[in-house]
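Subject: Structure for your review

Dear colleague,

Please find below the structure that I am handing over to you. My findings follow it, arranged from the whole chain down to single residues.

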Amino acid sequence: MFVYFVCTNSLYQVFSFSDIYMRLSKMNAQEKAQCVEWFIETKSDTQVQRRFRTDYNRTPPSRTTIRAWYTKFKRNGSVEHKKGAGRP
């Protein structure tokens, strides 16, 4: 098992390879929608992170990401990625 040290604000955090992999893996639409629902209930991105970690046993999305999903939901009514117009 490899352990990585990441320096943030003069503090060192320890991450295992699985932590880093889970952080980089994409959230599915159900997890995004659940985070938005929790954010609407609590109005707290920190509470959403705590509940995500408890319910899914994974590293939660960042606070910024949770707020972005909420904003996207308010604007579009969905957390799904809209397909662009693209080239015909």
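In what follows, a contact means heavy atoms within 4.5 Å. Please note that the model is a predicted one. Of the contacts in the chain with a separation of 6 or more, 36% are made by residues 24 or more positions apart.

The chain as a whole

Four helices and two strands make up the elements of the chain. Read from the N terminus, their order is β-β-α-α-α-α. The chain has 88 residues, of which 24% count as buried.

Helix 2 and helix 3

Two packed helices are described by the angle between their axes and the distance between the axes. Helix 2 covers residues 29–42 and helix 3 covers residues 45–56. Their axes come within 9 Å and cross at roughly 135°. An angle over 145 degrees would count as roughly antiparallel, and one of 65 to 115 degrees as roughly perpendicular; helix 2 and helix 3 are therefore oblique to each other. The crossing in which helix 2 passes helix 3 is right-handed.

Which residues bring the two helices together? On the side of helix 2 they are E31, Q34, C35, W38, F39, E41 and T42; on the side of helix 3 they are D45, Q47, V48, R51, F52, D55 and Y56. Sorted by class, this contact of helix 2 with helix 3 contains six nonpolar, three polar and five charged residues.

Two residues of helix 3

Q49 is placed in helix 3. Is Q49 buried or exposed? Buried means under 20% relative accessible area, and Q49 counts as buried because its relative accessibility is 16%. Apart from its neighbours within four places in sequence, Q49 is in contact with P60, P61, S62, R63 and I66.

R53 likewise has its place in helix 3. With a relative accessible area of 46%, R53 is partly exposed, since that class lies between the limits of 20% and 50%. Once its neighbours within four places in sequence are left aside, R53 is in contact with R58 and P60.

Yours sincerely

Terms used
Residues numbered from 1 in each chain as written. Predicted model: local features only at pLDDT ≥ 70, side-chain atom pairs only at ≥ 80, totals over all residues. Heavy atoms only, no water. Axes fitted to C-alpha atoms, helices over the stretch in contact; angles between N-to-C directions. Parallel < 35°, antiparallel > 145°, perpendicular 65-115°, else oblique. Left-handed = near helix turned anticlockwise from the far one by under 90°. Nonpolar A, V, L, I, M, F, W, Y, C, P; charged D, E, K, R; others polar. Buried < 20%, exposed > 50% of the residue type's maximum accessible area, 1.4 Å probe, protein only.
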